[in-house]
Amino acid sequence: MAEHNPPPSNTTDKHQTNWFNQANCKNKTHLMFPKEHKDITYITTARQICEHCTVQQPCLQYALEFPPADMHGVWAGLTSRQLANEQKRRGIKLTRPTLSQMWGD
């Protein structure tokens, strides 16, 4: 699996990602994302890493900006399905395109 890289640092103020360097998962991305399609064995370990992380809130805010289908792994202790539920609960209207929309013909 490809290594997960932090979001670009040249984002707007709304998308500040300086929290990424303080995240408990920094340099542990191999524990935060599935190794294969439909792999769920990483979730418990990933949630334990998130459990006492001091930047859970900015991580969650960042993850909620994206279409859940594009958010693989665990973000702020939530899976993509849980992120979708949280977006629905909060009434979040997505403004970012999906990867397929960005790379579509």
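Trainee: Which residues lie nearest the centre of the largest cavity?
Mentor: First, the ground rules: this is a predicted model, where local features need pLDDT of at least 70 and side-chain atom pairs count only at pLDDT 80 or more, while totals for chains, interfaces and linings use all residues. Residues are numbered from 1 along each chain as its sequence is written, and side-chain values use heavy atoms, leaving out hydrogens and water. On a 1 Å grid over the protein atoms alone, a cavity is a set of points where a 1.4 Å probe fits but cannot get out, and lining residues have an atom within 4 Å of a point. Here, 18 residues line the largest cavity, and Cys25, Met32, Cys59, Val74 and Ala76 lie nearest its centre. Helix H1 (29–32), helix H2 (43–51) and helix H3 (56–63) each give two or more residues to that lining; helices are DSSP runs of H or I, at least four residues, numbered from the N terminus.

Trainee: How much space lies in the largest cavity?
Mentor: A volume is the space filled by probe spheres set on the grid points, which are joined across faces, edges and corners. For this cavity that gives about 140 Å³, and the whole structure has one cavity of 30 Å³ or more.

Trainee: What classes of residue make up its lining?
Mentor: Ala, Val, Leu, Ile, Met, Phe, Trp, Tyr, Cys and Pro count as nonpolar, Asp, Glu, Lys and Arg as charged, and the others, Gly among them, as polar. The lining has 14 nonpolar residues, four polar and no charged.

Trainee: And which residues touch the most other members of the largest nonpolar core?
Mentor: In soluble globular proteins, nonpolar side chains tend to be buried together. A nonpolar core is a set of buried Ala, Val, Leu, Ile, Met, Phe, Trp, Tyr and Cys residues joined through side-chain atoms within 4.5 Å, with buried meaning under 20% relative accessible area (1.4 Å probe, protein chains only). In this core of 24 residues, they are Trp19, Met32, Met71, Val74, Trp75 and Leu83. H2 and H3 are the elements giving two or more residues to it.

Trainee: What is Val74 in contact with, beyond its neighbours within four places in sequence?
Mentor: Contact means heavy atoms within 4.5 Å. Val74 meets Met32, Tyr42, Ile43, Ala46, Arg47, Cys50 and Thr79 that way.

Trainee: How many helices and strands does the chain have?
Mentor: Five helices and zero strands. Of its 105 residues, 37% count as buried.

How values were computed
On a 1 Å grid over the protein atoms alone, a cavity is a set of points where a 1.4 Å probe fits but cannot get out, and a pocket is an open set with protein on both sides within 12 Å along at least five of seven lines; lining residues have an atom within 4 Å of a point. Buried means under 20% relative accessible area, exposed over 50%, partly exposed in between (1.4 Å probe, protein chains only).
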